[in-house]
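Please look over the chain shown here. The report that follows takes up its helix packing, its cores and its backbone.

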Amino acid sequence: MKSSQLFLPTLREAPSDADIISAKLMLRAGMIRKLASGIYEWLPLGLKVLRKAEEIIRQEMNAVGGQEVWLPIMQPKELWEETGRWQVYGKELFRLKDRKNSDFCLGPTHEEIITDLVRREVRSYRQLPLMLYQFGTKFRDEIRPRFGIMRAREFLMKDAYSFHASEEDAERYYQEVFAAYNKICKRCGFAFRYVEATTGAIGGSFSHEFMVLADTGEEEIVWCDCGFGSNVEKAECAVLKRAVDKSQEQPVSEIATPNLRTVEEVGNFLKLSSDRFIKTLIYMADGAPVVALVRGDYEINEAKLQQVLGAANLYLADPETVEKVTGAPQGFAGPVNLADKNVKIIADYSVECMINAVSGANKKDCHITNINPGRDFTPTLVADLRKVKKGELCIKCGKELNFCRGIEIGHTFKLGSKYSKTMKAAYLDAEGKEHLMVMGCYGIGVSRIVAATIEQSHDDNGIIWPAALAPFKVIIVPINYAEAGTKKASDEIYAQLKSDGIDVLLDDRDERAGIKFKDADLIGIPWRITVGEKNLKNNMVELKARTAPAAQTRLVPLGEIIASIKAAIN
């Protein structure tokens, strides 16, 4: 491709609403343009990178026996009602009606569609195992689209689904796909970690996220040198074990705390540290109120609470519900005297060994001191409900945990029979007996891979593409393309590289060399060949890697430049 023919509208400055580096650089490099909030147009340069990521994924999915399909974007309501997700998915689901007033949605994922297809076509154990995958546009009505294509309302995803005759076979195949995801991340040049994760709205017994390490990552992950890794939503906390000396228990005392609501405010007033407090939060779980307790210096992990409750929907109660449950305005809730409210009290392990604690009195402008679990209140259930904190120890080996941020680009799920049971996807064994299929689900955000690469690999001048994803592997920059010798040498290098199957861009524009160099760095092409009249007099051209400083530009004989490029790429 020649620059004069390439639609590449680069920008000197990124639009003011571009909020992270990948969004800024993709807009500046002419890869994408914003059409509406969370909706982007992919221009030729961006699409080339997207297709290269797609092909890497396709190769690895085919290598583990996957078969590619193409599934509809529009999905009928009836299938989603079979699994109960029409209501569960909430406002993120784009819903629409056709001219016959039938309800549809724009697919955010395709579990229902693929399970329906397989239950209609697969009846015998001889047809299993089966893995089908697709590359498709997904739609999620994000409440606040942000971070460019990282959290868009429309995006490209690879989703794969496997069907098995047994749990053992599903587990075996899960490990195969897990290994394939590792290969994909390595081929894309990522520094990454895989971590245990919650299953969320997809469901299933367990899952792993593949996280690209980047300071701008949306998620915080914890990991240990022993191999343990988890996102903070999933990370299991070590149970705090401490003997409680009952003889130290003090009588309960009520104290006035006018307009003091938070742990920090009351702690300052009473001159007590936050670990002396029981933080009391009121949630709604599938329409019913529930009380969650955690030590004051910790945070409730809502994903853990939801899993403990087995709730499809969980959210903080509104002020009216809080007052109805506790008898007091928000900020004065506590665990004492709630037993007669017929409400579940779920306490974190950190609460279990507290002594003479402080919490709200369920009375306006009042708190209670010297609260003791077992004496003053009894939880319905005690469980791991909190978020892991820095300085805590690994539950596997006891070493201190490491924390970093990551961008989720892939997620694998062991679904089990979650969908096959509700949708009656069954097969007949050798004796003619019917059994439910066991399923796995494996997703990768293809467009997210592009953004994550940029977040992890860039400098002040622009993008630094790994060779596997680069839109072009080589850019030829003639200092003065109008000069006959320069043009001849540039054209010959260009023709030879194209003939050898190497993606190459020839910057044949009538622009100053400085502008060409800036654009080459901005769009991040791995190797730059500079052709100029001065060096050609000595039969030489310049070769520079995108990652190398300007001082490391080296001169290469014109007759050896093709071999040098091939060696560099390999």
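## A helix pair

Are helix 2 and helix 6 roughly parallel or roughly antiparallel to each other? Their packing angle is about 150°, and their axes lie 10 Å apart. Helix 2 and helix 6 are therefore roughly antiparallel to each other. Angles under 35 degrees count as roughly parallel, over 145 as roughly antiparallel, 65 to 115 as roughly perpendicular and the rest as oblique. Axes are lines fitted to C-alpha atoms, for helices over the stretch in contact, and angles run from 0 to 180 degrees between N-to-C directions.

The crossing of the two helices is right-handed. A crossing is right-handed if the near helix is turned clockwise from the far one by less than a right angle, and left-handed if anticlockwise. On the helix 2 side, Ile56, Ile57, Gln59, Glu60 and Met61 make the contact (heavy atoms within 4.5 Å). Helix 6 brings Val177, Ala180, Tyr181, Lys183, Ile184 and Arg187.

## Basis and overall build

This is a predicted model: local features need pLDDT of at least 70, side-chain atom pairs count only at pLDDT 80 or more, and totals for chains, interfaces and linings use all residues. Residues are numbered from 1 along each chain as its sequence is written, and side-chain values use heavy atoms, with hydrogens and water left out.

The protein chain has 16 helices and 31 strands. Helices (H or I, at least four residues) and strands (E, at least two) are DSSP runs, numbered from the N terminus. Along the principal axes, the C-alpha atoms fill a box of roughly 95 × 70 × 50 Å. Of the 570 residues, 52% are buried. Buried means under 20% relative accessible area, exposed over 50%, partly exposed in between (1.4 Å probe, protein chains only). Among contacts between residues at least 6 apart in sequence, 69% join residues at least 24 apart.

## Helix 2 in detail

Helix 2 covers residues 44–63. At 1.5 Å a residue, its 20 residues should span 28 Å, and its end C-alpha atoms are 29 Å apart, which agrees. The expected span is 1.5 Å times one less than the number of residues. Buried residues of helix 2 include Leu45, Val49, Ala53, Ile56, Ile57 and Met61. An α-helix has 3.6 residues a turn, so residues three or four places apart point the same way.

Just after helix 2, glycine 65 takes a positive phi of about 85°.

## Cores

The largest nonpolar core has 63 residues. Such a core is a set of buried Ala, Val, Leu, Ile, Met, Phe, Trp, Tyr and Cys residues joined through side-chain atoms within 4.5 Å. Met31, Met61, Ile449 and Trp465 have the most contacts inside the largest core. Helix 6 gives the most to this core, with 8 residues. Beyond its neighbours within four places in sequence, isoleucine 449 touches Ala53, Ile57, Cys188, Phe190, Ile409, Ile444 and Leu469. Another core, of 22 residues, lies apart from the largest one; Tyr494, Ile502, Val541 and Ile565 are among its members.

Helix 13 (residues 484–499) and helix 16 (residues 561–569) pack at about 45°, with axes 10 Å apart. That makes helix 13 oblique to helix 16. The crossing is right-handed. Ile493, Gln496 and Leu497 in helix 13 meet Ile561, Ile562 and Ile565 in helix 16.

Asparagine 182 sits in helix 6 (residues 167–187). Its relative accessible area is 13%, so it is buried. Leaving out residues up to four places away in sequence, asparagine 182 touches Phe192, Tyr194 and Phe210.

Glutamate 112 belongs to helix 5 (residues 111–121). At 0% relative accessibility, glutamate 112 counts as buried. Neighbours within four places aside, glutamate 112 contacts Leu79, Trp80, Thr83, Arg85, Tyr419 and Met423.

## Backbone exceptions

Most residues other than glycine have a negative phi, and most peptide bonds are trans. Leucine 128 and proline 129 are joined by a cis peptide bond, with omega about 0°. Proline 129 lies in the loop between helix 5 and strand 7 (130–139).

Aspartate 365, not a glycine, has a positive phi of about 60°. Aspartate 365 is in the loop between strand 18 (357–360) and strand 19 (366–371). Asparagine 370 also has a positive phi, near 65°. Asparagine 370 is in strand 19 and, at 16% relative accessibility, counts as buried.
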